[in-house]
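Welcome to this short tour! Open your viewer, keep the selection panel handy, and follow along stop by stop.

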Amino acid sequence: MLEKLNQAMEHIEDRLDRRIEVTELARIAMTSEYHFRRMFSALAGMPLSEYVRRRRLTLAGAEVLTGERTLLEIAVRYGYSSGEAFARAFRAMHGVGPGEARRAGAALRSQPRMSFRLVVEGSSSMQYRIVEKGEFRVVGKRARVPLVHEGMNPAIAEFIRGIGKETTGRIAALSDQQPEGIVGVSDKLDESRAEGTELDYYHGVVTGAEVPDDLDALVVPAGSWAVFENSGPFPQALQYLWRDVFTQWFPSNPYRSRTGPEILRTRLSPDGARAEAELWIPVEPTAS
């Protein structure tokens, strides 16, 4: 998988001055476009679109300093429709406009080329199982919240605090299948997975029961799920679990992620400092 991903990275480098199709990158990596975006974001620590933007502006910066092309020629070469749009993007990355950079010979920022390799530390094993699950519903309360990669998500915490105990009790009583009890469900994430983009978050249960009128519901089609378990400091252990699934487990196993919600069952220690987690990721076998 990583060898194919690195071939896709070479394709990006070859086409920085042309249009880059994510469908072609996914074809080179022999995976789906959805999984390619997920893998790239987890491994690179940034969305694919952001990496491409930074690489283009890195090359553009070098051309600005050499002075062989006009600023407008450079803008068009790297995909900008106008000199103004190029200048805004250039300043956002380099901290200086292209005209000023050329006149003053300014020091510019650089986004290095990336390649990926799998580092197996061997200090711990990842517990997982594959579950085939029929259609089910997530029933509870839903909110649209921003994505936060590290630390507590204030919007989710405030949303959960606003759900009364009586409502929470009624929701919990609807749980009738795995994962049992109250879960957090993330759905309709922006394909970039960029910090601050929004997602649908459900505080609810997995159930086959009828949906009360005052609750929200998400119907989830039948399919395969990879289920991961871990424990550690809260919330870092939960966020590291997501990272490790995509940077360690997927490159080493014959599965890829598929479109669907991600379900997290969390049990906190009495002092709230530690958590036991069970993460459900929708998956499908990779093509042989």
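Select residues 33-44, which form helix 3. Helices here are DSSP runs of H or I with at least four residues, and strands are runs of E with at least two, numbered from the N terminus.

A word on the model: it is predicted, so local features need pLDDT of at least 70 and side-chain atom pairs 80 or more, while totals for chains, interfaces and linings use all residues. Residues are numbered from 1 along each chain as its sequence is written, and side-chain values use heavy atoms, leaving out hydrogens and water.

Next, show the side chains of His35, Phe36, Arg37, Arg38, Met39, Phe40, Ser41 and Ala44, which are buried (under 20% relative accessible area with a 1.4 Å probe, protein chains only; exposed is over 50%, partly exposed in between). What do the buried residues of helix 3 pack against? Colour helix 1 (2-14), helix 2 (22-28), helix 4 (48-66), helix 10 (236-252), strand 7 (255-257) and strand 8 (262-268) to see these partners.

Step on to Gly45, which follows helix 3 and has a positive phi, near 80°.

Finally, zoom out. The protein chain has 10 helices and nine strands, and its C-alpha atoms fill a box of roughly 70 × 45 × 35 Å along the principal axes. Of its 288 residues, 45% are buried.

Notes: Expected span 1.5 Å × (residues − 1). Contact = heavy atoms within 4.5 Å.
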